[in-house]
Amino acid sequence: MIIPVAHRADQTQEYYFSVKLAEVRTLLAAGHDVINIGIGNPDLMPSDSTIDALMASARQPSAHGYQPYKGTPGLRQAIARFYQHTYGVTLNADTELLPLIGSKEGITHLSLTFLNEGDGVLVPELGYPAYRAVSHMLGANVLEYPLREYHGWQPDWSAMADLVAATPHTKIIWLNYPHMPTGAPATRELFEQAVRFAHDHRVLLCHDNPYSLILNKKPPISLLSVDGAREVAVELNSLSKSHNMAGWRIGWLAGAKPYIDAVLTIKSNVDSGQFKPLMDAATEALGNSDDWHRERNAVYQGRLDAVHALLDALGCTYSPDQEGLFIWARLPDSVASAEDLVNELLYQKHVFIAPGFIFGPKGERYIRISLCVPKERIQEATQRIQA
Ligand SMILES: Cc1ncc(COP(=O)(O)O)c(C=O)c1O
């Protein structure tokens with residue numbers, strides 16, 4: 001390439017899955033039947049009424065133009081009703097919600113809105129890679145906070161306090177419970193502690209909440225339900241996993257008006273809203289019944305048992321109490337390297353699983369398996385591994 005890229009492009013690595021899934025596609029193109037239990041891409045359908053709403057809206061002549069930067073009022077009202085019903089949280093649909101093109105872009109917009117070069121950002125030492133990657137792109141100072149493995153992967157608050165004390169201008173903490181990749185559940189005590197910490201240290205708590213409805217054992221919680229959260233916290237959420245709509249790219253940011261307004265200032269300069277039929281269908285999806293969610297979880301529960309059998313075949317250890325769309329498992333000592341194991345399984349057994357190190361160095365001795373393939377395929381993967 002004759003034209004040099006900017007430093008940020010030079011220093012950023014392509015997303016692991018972007019590279020690895022190209023390898024999976026090459027194997028598929030060569031006729032290999034790859035079982036992909038690496039990625040969290042729901043294979044189940046959105047509700048029928050969601051699809052009907054999409055098609056009906058797409059037939060309207062008025063549906064094809066630019067839409068409001070803050071999404072349709074109908075979508076925002078549906079998100080507000082969903083928050084009330086699901087988490088008991090009251091949100092003002094006009095001022096406290098901002099629809100997003102998936103919650104992933106919200107990570108970038110929040111970072112662009114609040115981080116100056118050199119500002120500190122606390123990210124979990126194991127977590128969704130985008131928190132770290134975007135912070136690096138903006139020249140922020142990434143501080144990895146420890147998770148206490150033997151205490152349910154909860155943040156180590158005293159280590160976090162030390163990090164903040166040692167870093168001038170720490171601005172953001174990324175938090176995500178139910179936690180990806182470890183499956184650690186959210187608890188009210190954890191959220192209360194997080195809000196106290198954000199107040200004490202004057203940092204913006206950015207909670208990422210896409211898994212609260214997947215295999216949750218207790219009623220789902222929003223961080224915004226905690227007293228005092230609105231002054232210091234915002235929450236990202238999404239239809240990708242909870243409504244089987246990952247490819248639709250529908251998410252949102254919830255929080256107090258000043259935070260929403262600040263993010264909109266940035267976002268409105270980046271994109272021009274979403275396709276109205278997607279928003280109309282998302283409006284419909286947000287009204288999916290509690291039974292619809294229960295049925296989805298019943299399918300995942302069946303797959304979970306199959307994943308446990310697969311992990312037993314690999315000699316892994318894992319917590320049976322995980323929530324969300326993945327199972328996090330520790331490799332046996334006999335396995336020298338997770339990367340070698342992943343490549344061996346991919347190229348010899350045509351089974352793709354995710355190595356734990358892509359979520360942070362602490363994940364080196366772990367793998368992550370997704371529940372996004374039918375139970376029979378997980379069982380087939382187990383048979384291939386055992387063969
Ligand atoms: C923890 C976490 N946050 C955010 C996202 C992004 O989700 P979305 O599809 O809403 O952009 C994912 C996707 O896998 C995730 O695991």
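In what follows, Ala, Val, Leu, Ile, Met, Phe, Trp, Tyr, Cys and Pro count as nonpolar, Asp, Glu, Lys and Arg as charged, and the others, Gly among them, as polar. By these classes, the shell around the ligand holds five nonpolar, five polar and four charged residues.

The model is predicted: local features need pLDDT of at least 70, side-chain atom pairs count only at pLDDT 80 or more, and totals for chains, interfaces and linings use all residues. Residues are numbered from 1 along each chain as its sequence is written, and side-chain values use heavy atoms, with hydrogens and water left out.

The unreviewed UniProt entry annotates residues 33-385 as "domain: Aminotransferase class I/classII large"; such annotations may be inferred rather than shown by experiment, their feature names are shortened, and their positions are given in the numbering used here. Over residues 33-385 the chain is 41% helix and 16% strand, with the end C-alpha atoms 14 Å apart. Helices (H or I, at least four residues) and strands (E, at least two) are DSSP runs, numbered from the N terminus.

The ligand has 14 residues around it, of which D208, Y211, S240, K241 and R249 come nearest; a residue counts as near if one of its heavy atoms lies within 4 Å. For R249, the distance from a polar side-chain atom to an oxygen atom of the ligand is 2.7 Å. An N or O atom in the side chain of S103 also lies 2.7 Å from an oxygen atom of the ligand. Taken alone, the ligand exposes 400 Å², and the protein buries 91% of that (Shrake-Rupley method, 1.4 Å probe).

The ligand takes up the space of the second largest pocket. A pocket is an open set of points on a 1 Å grid over the protein atoms alone, where a 1.4 Å probe fits, with protein on both sides within 12 Å along at least five of seven lines. A molecule sits in one if more than half of its atoms lie within 2 Å of its grid points.

Some backbone details remain. In the loop between β7 (170-175) and α8 (188-201) lies P178, joined to Y177 by a cis peptide bond with omega about 0 degrees. P181 is also placed in the loop between β7 and α8, and the peptide bond from M180 to P181 is cis, with omega near 15 degrees. W153, in the loop between β5 (147-148) and β6 (154-155), has a positive phi of about 55 degrees although it is not a glycine.

Terms used. Polar contact = N/O pair within 3.5 Å; in protein donor to acceptor, adjacent residues only side chain to side chain. 1 Å grid on protein atoms, 1.4 Å probe; cavity = no way out; pocket = protein on both sides within 12 Å on 5 of 7 lines; lining within 4 Å.
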